[in-house]
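Reader: Could you walk me through how to read a few features of a model like this one? I'd like the general idea each time, then the case at hand.

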Amino acid sequence: METVFSGIQPSGELHLGNYLGAVRTWVELQDRYRCFFCIVDLHAITQPYDPAEMPRRVRDMAVDLVACGLDPDRCTLFVQSAVPEHTELAWALASVTPFGELGRMTQFKDRSERQPDNVNAGLFAYPVLQAADVILYGATRVPVGEDQRQHLELAREIVRKWNARFGPTFEEPQPLFSSTPKILGLDGQAKMSKSLGNTISLREPDDAVWDKLRTAATDPARVKRTDPGNPDICNIFALHKFFSSAARQSEVRVGCSTAGIGCIECKRWLLEGVKVDLDRLRARREELLAHPEAIDAVLADGARRARAVARETMARVRGRLGLGQAP
């Protein structure tokens with residue numbers, strides 16, 4: 001069975017973009033692959049944050065992931081910093097990573113422009129730690145969207161350079177491209193992101209969800225209620241594809257393109273579908289929050305299983321490097 005690795009930063013709570021773009025795919029992969037899913041808290045420290053809040057953010061993310069369907073009996077769910085081999089391998093991989101390639105990373109350039117006062121070395125070397133995350137578990141498949149394609153290509157290059165210099169050690173990870181299109185935020189302009197304030201959290205109450213949907217961007221051609229629209233360029237219709245039945249989607253398509261319905265009615269229909277999923281997730285989350293010790297046990301067991309694999313990998317790496325074995 002092939003191995004899959006994927007990670008998510010502990011933002012504290014999932015939003016619809018995370019859920020639709022990544023986590024629903026992870027749930028489906030559990031029965032087809034040997035899966036390692038990681039809450040990447042070490043990646044998160046490259047951004048300004050409150051250290052006192054990090055434990056809560058990590059636990060909240062773990063609760064949300066399990067509520068969404070990650071099953072500790074069918075995957076390994078753990079926290080990155082609980083497995084120190086991640087950073088050890090990242091340092092070893094840095095010795096073969098071209099400096100120029102890191103400087104060309106689109107995400108590094110974008111983040112540097114958005115936060116010029118926080119262009120740190122960790123942000124620059126972020127893709128090396130990402131490569132270590134994947135390679136540490138011998139992952140042969142990595143679920144990625146278009147925004148992560150460049151980082152995975154760099155990971156593959158790092159593997160090739162490592163194997164050429166130190167001998168065959170790692171397999172090149174292959175992408176598992178999602179069939180899910182990029183989930184735009186409520187502004188209809190950019191990817192859904194907490195930093196851009198264009199998200200809907202899975203934890204928001206119905207009235208807050210409606211307040212956000214009500215003002216969300218739609219087809220700009222629909223200036224007046226009587227103007228027909230094009231559902232294929234409307235972000236609200238894109239969300240209907242996830243949350244509404246085929247019959248409802250057909251109803252929306254006809255109503256929008258003929259101006260038979262207005263955008264507010266279309267958004268109310270979307271809210272009906274969104275509420276079904278959110279109600280289910282809220283109920284499961286409440287069950288988990290009633291027994292926090294169970295989530296702690298899941299993460300502890302996941303770290304134990306992950307570290308057993310990571311130690312074997314690092315024993316091989318240390319041998320290749322001519323270093324003594326870890327105590």
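Author: Happy to. Let's start with strand S2 (residues 34-39), which is largely enclosed by the rest of the structure because 5 of its 6 residues are buried. Buried here means under 20% relative accessible area, exposed means over 50%, and partly exposed is in between (1.4 Å probe, protein chains only). Strands (E, at least two residues) and helices (H or I, at least four) are DSSP runs, numbered from the N terminus. Before going further: this is a predicted model, where local features need pLDDT of at least 70, side-chain atom pairs count only at pLDDT 80 or more, and totals for chains, interfaces and linings use all residues. Residues are numbered from 1 along each chain as its sequence is written, and side-chain values use heavy atoms, with hydrogens and water left out.

Reader: Which strands does S2 pair with, and in what sense?

Author: Two strands pair if DSSP finds at least two bridges between them. S2 pairs with strand S1 (residues 3-8) in the parallel sense, over 6 bridges. The chain crosses from S1 through H1 to S2, a right-handed β-α-β crossover. Right-handed means that, with the strands pointing away from the viewer, the path from the first strand over the helix to the second runs clockwise.

Reader: What about Thr25: buried or exposed?

Author: Thr25 lies in helix H1 (residues 16-29). With a relative accessible area of 19%, Thr25 is buried. Leaving aside residues up to four places away in sequence, Thr25 touches Ser178 and Thr180; contact means heavy atoms within 4.5 Å.

Reader: What lines the largest cavity?

Author: The largest cavity holds about 80 Å³ of space. Its lining has 13 residues, with Thr218, Cys234, Cys256, Cys263 and Cys266 nearest the centre. H13 gives the largest share, 3 residues.

Reader: And which residues line the second largest cavity?

Author: That cavity has a volume of about 50 Å³, and its lining is Gln107, Phe108, Arg111, Leu123, Tyr126, Pro127 and His151. The largest share, 3 residues, comes from H6.

Reader: Where does Ala259 sit, and what is its phi?

Author: Most residues other than glycine have a negative phi. Ala259 has a positive phi, near 60 degrees. You'll find Ala259 in the loop between helix H12 (246-257) and helix H13 (263-289), buried at a relative accessible area of 14%.

Reader: Last one: is Gly322 buried or exposed?

Author: Gly322 is exposed, with a relative accessible area of 65%, in the segment after helix H14 (292-321). The C-alpha atoms of Gly322 and Phe166 are 9.8 Å apart, although 156 residues separate the two along the chain.

Technical notes: 1 Å grid on protein atoms, 1.4 Å probe; cavity = no way out; pocket = protein on both sides within 12 Å on 5 of 7 lines; lining within 4 Å. Points joined across faces, edges and corners; volume = space filled by probe spheres on them.
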